[in-house]
Amino acid sequence: MRAYFDNARAHGFDLDRLFVLLVTEDFCDTEGMASMLDDEGVSGAVFDGAAREEWYDDHDISEYSHLVPAASHAQTSFGLLYMWAHSEFDYGVFIDDDTLPHDEWDFFGRHMANLDRTDEVESVSSDERWVNVLYQNADEHGLYPRGYPYSAMDETVETGTRELRDVVASQGLWTNVPDLDAVRILMDGDLEGQAQTRTDFDDFDGDFAAEPGQYLTVCSMNLAFEREVIPAFYQLPMDDNEWEVGRFDDIWSGVFLKRAADVLGKDIVTGYPLCEHNKAARPTFDDLNNEVPGLELNEHLWEVVDAVGGDADSYAGVFEAMADALADGDWSDYRNGDFFNYVGEHMRDWLDCLDALAAPRAAAPADD
């Protein structure tokens, strides 16, 4: 975070515009994190597990605490709940703790500018209806990002230009360690959870948007978004479930967001600002064990959501249609298909939780 603050200062971005919410756990140095924000002169708050439980109680939503799993990347959803409860926040930015900004870009400023764009940008589509966000130099490195369906590989890519309508999300990509799944990391010959093939500046050539009706992976390590998308941007419940499905929280939320954006005539811009992804070494097989239970489901999730919500007129409406399709469907043909039902029920709870946060709280009774 200090590096991101230094980047802001170097580019003249006013740090007074930021409120930094650090989501962590009870076993982490929360006092040190709070002191860091004070030292940097940046407004913010630190929420470990105990602080989150207290916040749920204070906002009368303890019944929805199951929506945010502990010690999981999916706990970024707590940041979305916090934003929703505080209407003064118009924009959110997700930053993972293993990334650094590049000096070449005003990190926060570029994301904010992307969300305000109405110019022409390169448009991308494929015959598989999936866009590889690393397509710009794929002939050289051959990489597909984490969450890209295996059945959509070897696609034929078409590019053109299109005028941006209303950008609601800005996804920055990553140099150094690419965001790959465990199978692809193993195929790259790496047993430490990273990749032997790395990405650098030459692998990226500006911004692009996937055409309506096309899907793409959305990684939340370097991502800005507008407040309005929160009803359709729940980071799915991963890791702490009986099927042991993990690693698809931001991937599946990105599929939902893209479907909602297409229905509502919105855009997602991908490309700059790049960040440097310095993923720590860890056993690739640990990631594989987390991903395998959901791999088959990942091949089919987009087909489910692509078939519903087309007549909705709000993010919540599209999300509700997707939630109902997943919660009420018969997925017995898929390995761990019941997880789709579980996800759908959590999506319904997400909308109910947002409604509870938005409802005015009862006034305290006056003293006699």
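**Cavity, pocket and helix contacts in a predicted model**

Me: How do the residues lining the largest cavity divide by class?
Reply: The lining of the largest cavity splits into four nonpolar, two polar and three charged residues. Keep in mind that this is a predicted model.

Me: Which residues are those?
Reply: The largest cavity is lined by Gly147, Tyr148, Tyr150, Asp181, Arg184, Phe248, Leu295, Asn298 and Glu299.

Me: Which helix gives the most to that lining?
Reply: Helix H9, residues 284-306, gives the most, with three residues.

Me: What volume does the largest cavity have?
Reply: About 30 Å³.

Me: And how many cavities of 30 Å³ or more are there?
Reply: The count comes to one.

Me: Now pockets. How much space lies in the second largest pocket?
Reply: The second largest pocket holds about 200 Å³ of space.

Me: What lines the second largest pocket?
Reply: Its lining is made of Asn132, Tyr135, Gln136, Asn137, Ala138, Asp139, Gly142, Tyr144, Asp154, Glu155 and Val157. By class, that lining has four nonpolar, four polar and three charged residues.

Me: On to helix packing. At what angle do H10 and H11 cross?
Reply: The axes of H10 (residues 315-328) and H11 (residues 338-358) cross at roughly 150° and come within 7 Å.

Me: Why call H10 and H11 roughly antiparallel?
Reply: Because angles over 145 degrees count as roughly antiparallel, and the H10 and H11 axes cross at roughly 150°. The two helices are therefore roughly antiparallel to each other.

Me: Is the crossing of H10 and H11 left-handed or right-handed?
Reply: H10 passes H11 in a left-handed crossing.

Me: Which residues make the contact?
Reply: On the H10 side, Ala316, Phe319, Glu320, Met322, Ala323, Asp324, Leu326, Ala327 and Asp328. On the H11 side, Phe340, Asn341, Val343, Gly344, Glu345, Met347, Arg348, Trp350 and Leu351. By class, the contact of H10 with H11 has 11 nonpolar, two polar and five charged residues.

Me: What about H1 and H2, what's the angle there?
Reply: H1 (residues 2-10) and H2 (residues 30-40) pack at about 15°, with their axes 11 Å apart. Angles under 35 degrees count as roughly parallel, so H1 and H2 are roughly parallel to each other.

Me: Which residues of H1 and H2 make the contact?
Reply: Arg2, Phe5 and Arg9 of H1 make contact with H2, whose residues in the contact are Met36, Leu37, Asp39 and Glu40.

Me: How far apart are the axes of H3 and H4?
Reply: The axes of H3 (residues 49-58) and H4 (residues 76-85) are 12 Å apart, and the helices pack at an angle of about 35°. Their crossing is left-handed.

Me: Which residues meet in that pair, H3 and H4?
Reply: Arg52, Trp55 and Tyr56 in H3 meet Phe78, Leu81, Tyr82 and Ala85 in H4. Six of the residues in this contact are nonpolar, none is polar and one is charged.

Me: What lies in the loop between H3 and H4?
Reply: Asp60 is found there. Asp60 has a positive phi of about 60°, although this residue is not a glycine.

Me: Last topic, peptide bonds. Which residues does a cis peptide bond join?
Reply: Tyr272 and Pro273 are joined by a cis peptide bond, with omega about 5°.

Me: Where is Pro273 found?
Reply: In strand E12, residues 267-277.

How values were computed: Residues are numbered from 1 along each chain as its sequence is written. This is a predicted model: local features need pLDDT of at least 70, side-chain atom pairs count only at pLDDT 80 or more; totals for chains, interfaces and linings use all residues. Side-chain values use heavy atoms; hydrogens and water are left out. Axes are lines fitted to C-alpha atoms, for helices over the stretch in contact, and angles run from 0 to 180 degrees between N-to-C directions. Helices (H or I, at least four residues) and strands (E, at least two) are DSSP runs, numbered from the N terminus. Angles under 35 degrees count as roughly parallel, over 145 as roughly antiparallel, 65 to 115 as roughly perpendicular and the rest as oblique. A crossing is left-handed if the near helix is turned anticlockwise from the far one by less than a right angle, and right-handed if clockwise. Contact means heavy atoms within 4.5 Å. Ala, Val, Leu, Ile, Met, Phe, Trp, Tyr, Cys and Pro count as nonpolar, Asp, Glu, Lys and Arg as charged, and the others, Gly among them, as polar. On a 1 Å grid over the protein atoms alone, a cavity is a set of points where a 1.4 Å probe fits but cannot get out, and a pocket is an open set with protein on both sides within 12 Å along at least five of seven lines; lining residues have an atom within 4 Å of a point. Grid points are joined across faces, edges and corners, and a volume is the space filled by probe spheres set on the points.
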